[in-house]
Amino acid sequence: MPTEYSPVADLNLLKEFQDRVGYEYYADGFELTEYGDMSGLVAGWSDDPECTGRLIPFAQATGGGSFYALWRLDDRADAAGLPVVVFGDEGGRHVVARNLRELFQLLGFDAEISVDWDEAYYYRSEDEPHSDRHDEYVDWLDRHFGLPVANDPAAVLAAAQAELGQRFANWAKPFLP
């Protein structure tokens, strides 16, 4: 397994898939970016080393500049098990998934995340067409992880928020607006 993208095997699998099908063709608004690129975090949020040392940006969340990051809430060895947080381009930062695989399920819903100061959510109308390579992504998700897409993204977000939302807010308070 090549590891040139990141030290996280699950992300490397997704990067291989994205390189094959193209970004934004399998999940609306989503694109893996340079793993660990702190430029958006530092420019818009915080340059405090205690903050940047615990966040690992890895993907664009929207076409407008929101991004996903892994939150190092502890020193676990497997970064795929770290919570995923989103930082909104117009404000707001929230825990969206308890780990990468939950995020992968959310991506299968195929809707760009909306992020504001009070909440983050996914919405797509029933008549909205899926991204061109959505079906390939759904197959990829099942083949590599045995996971279905999140048909109820609000439930995934609610579970992540219930378990980790307040803890993230408390941790972020000294560093982030």
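**Close-up views of a predicted model**

**View 1. G65 sits in the loop between β2 (55-60) and β3 (67-71).** The model is predicted: local features need pLDDT of at least 70, side-chain atom pairs count only at pLDDT 80 or more, and totals for chains, interfaces and linings use all residues. Residues are numbered from 1 along each chain as its sequence is written, and side-chain values use heavy atoms, with hydrogens and water left out. Strands are DSSP runs of E of at least two residues, helices are runs of H or I of at least four, and both are numbered from the N terminus. G65 has a relative accessible area of 45%, so this residue is partly exposed. The classes are buried under 20%, exposed over 50% and partly exposed in between (1.4 Å probe, protein chains only). C51 lies 14 residues from G65 in sequence and 19 Å away in space, C-alpha to C-alpha.

**View 2. H94 belongs to strand β5 (residues 93-97).** Its relative accessibility is 9%, so H94 counts as buried. A polar atom of the H94 side chain lies 2.8 Å from the backbone oxygen of D116. Beyond neighbours within four places in sequence, H94 is in contact with residues including V84, V85, V86, W117, Q161 and F168. Contact means heavy atoms within 4.5 Å.

**View 3. Helix α1 (residues 9-21) packs with helix α4 (residues 100-107) at about 30°.** Their axes are 10 Å apart. That angle makes α1 roughly parallel to α4. Axes are lines fitted to C-alpha atoms, for helices over the stretch in contact, and angles run from 0 to 180 degrees between N-to-C directions. Angles under 35 degrees count as roughly parallel, over 145 as roughly antiparallel, 65 to 115 as roughly perpendicular and the rest as oblique. D10, L11 and L14 of α1 meet L100, R101, F104 and L107 of α4. By class, this contact of α1 with α4 holds five nonpolar, no polar and two charged residues. Ala, Val, Leu, Ile, Met, Phe, Trp, Tyr, Cys and Pro count as nonpolar, Asp, Glu, Lys and Arg as charged, and the others, Gly among them, as polar.

**View 4. Helix α4 also packs with helix α5 (residues 134-145), at about 155°.** The axes of α4 and α5 lie 10 Å apart. The two helices are therefore roughly antiparallel to each other. R101, F104, Q105 and L107 come from α4, and Y137, W140, L141 and F145 from α5. The contact of α4 with α5 has six nonpolar residues, one polar and one charged.

Note on methods
A polar contact is a pair of N or O atoms within 3.5 Å; within protein, one must be able to donate a hydrogen and the other to accept it, and residues adjacent in sequence count only if both atoms are side-chain atoms.
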